[in-house]
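Please have the structure open as I speak.

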Amino acid sequence: AMASAFAAMPHVAIRQGVAIGTHADDPLPTGIQWVESSHPFPDGRSEAAGRRALAVAQAVDPGGVLVILLSGGASALMAAPVDGITLADKVDTTRLMMNAGADIHALNTVRRHLSNVKGGRLAAACVGTTLTLALSDVVGDDLNAIGSGPGVADSTTWRDAAMALDRFGGVDHLDTVRDVIRRGLAGEVPDTPKQGHP
């Protein structure tokens, strides 16, 4: 519905796009590809959707605009794990943290740092301008928390992700995830884009 409404706006010309969700109700506008995905936990379709979104962002030319129409659920619907972990590692981490009572802010702080698409990394993949229009499902409307903030600068750091994982991640089954976070803390893995990132 968001893609259709945007495409119907005057003076909008869509070169290519992708709509990601659990089901499609209506035909999409010309130029927008449908990608079925998974929620509340990501699966292989979610990873394919994340890779497709990155490809669209990377195809925008310097004078073009990447428009991200974002709503709740995007954290699971669009997944692209950072090097060193698998999608299964991300799912296990999310389950453990949820079962330990993690709130959306702690959960998405970890998700952002384990993703190539979240925490502003989708926007950073684009050399053009990025515009994010978001429907919030988060109390306080924190753009970092809605869909784990793929189109906005991340206000959290590797240290924040480490603290959230220590608090809600337990001690089991997270060796690869903890290793990525350790390497992030050591400066071996770049942090998510911050305010002022080009």
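Before I read out the order of elements, let me say that helices here are DSSP runs of H or I with at least four residues, while strands are runs of E with at least two, both numbered from the N terminus. With that in place, and bearing in mind that this is a predicted model, the chain holds eight helices and four strands, which follow one another along the sequence as α-β-β-α-β-α-α-α-α-β-α-α.

As for overall dimensions, the C-alpha atoms fill a box of roughly 50 × 35 × 30 Å along the principal axes. A compact globule of 198 residues would have a radius of gyration near 16 Å, and the chain, at 16 Å, agrees with that expectation. Of the 198 residues, 45% are buried, and of the contacts between residues at least 6 apart in sequence, 70% join residues at least 24 apart.

Let me now turn to helix 7, where the buried residues are Trp158, Ala161, Ala162, Ala164, Leu165 and Phe168. These cover an arc of only 165 degrees around the axis, which puts them on the same side of helix 7, whereas Arg159, Asp166 and Arg167 are exposed on the other side. What do the buried residues of helix 7 pack against? Their partners are helix 4, helix 5, helix 6 and helix 8.

Taking helix 4 from that group, its axis comes within 9 Å of the axis of helix 7, and the two cross at roughly 60 degrees; the two helices are therefore oblique to each other. On the helix 4 side the contact is made by Thr93, Leu96 and Met97, and on the helix 7 side by Ala164, Leu165 and Phe168. By residue class, this contact comprises five nonpolar residues, one polar and no charged.

Finally, helix 8, spanning residues 175-185, has Val177, Val180, Ile181 and Gly184 buried. Seen down the helix axis, the buried residues fall within an arc of 95 degrees, so they line one face of helix 8. Helix 4, at 87-99, and helix 7, at 158-168, are among the elements that cover these buried residues. After helix 8 comes Gly187, with a positive phi near 85 degrees, and that is where I will stop.

Note on methods: Residues are numbered from 1 along each chain as its sequence is written. This is a predicted model: local features need pLDDT of at least 70, side-chain atom pairs count only at pLDDT 80 or more; totals for chains, interfaces and linings use all residues. Side-chain values use heavy atoms; hydrogens and water are left out. Buried means under 20% relative accessible area, exposed over 50%, partly exposed in between (1.4 Å probe, protein chains only). The arc is that of the directions from the helix axis to the C-beta atoms. Contact means heavy atoms within 4.5 Å. Axes are lines fitted to C-alpha atoms, for helices over the stretch in contact, and angles run from 0 to 180 degrees between N-to-C directions. Angles under 35 degrees count as roughly parallel, over 145 as roughly antiparallel, 65 to 115 as roughly perpendicular and the rest as oblique. Ala, Val, Leu, Ile, Met, Phe, Trp, Tyr, Cys and Pro count as nonpolar, Asp, Glu, Lys and Arg as charged, and the others, Gly among them, as polar. The radius of gyration is taken over C-alpha atoms; the globule rule is 2.2 Å times the number of residues to the power 0.38.
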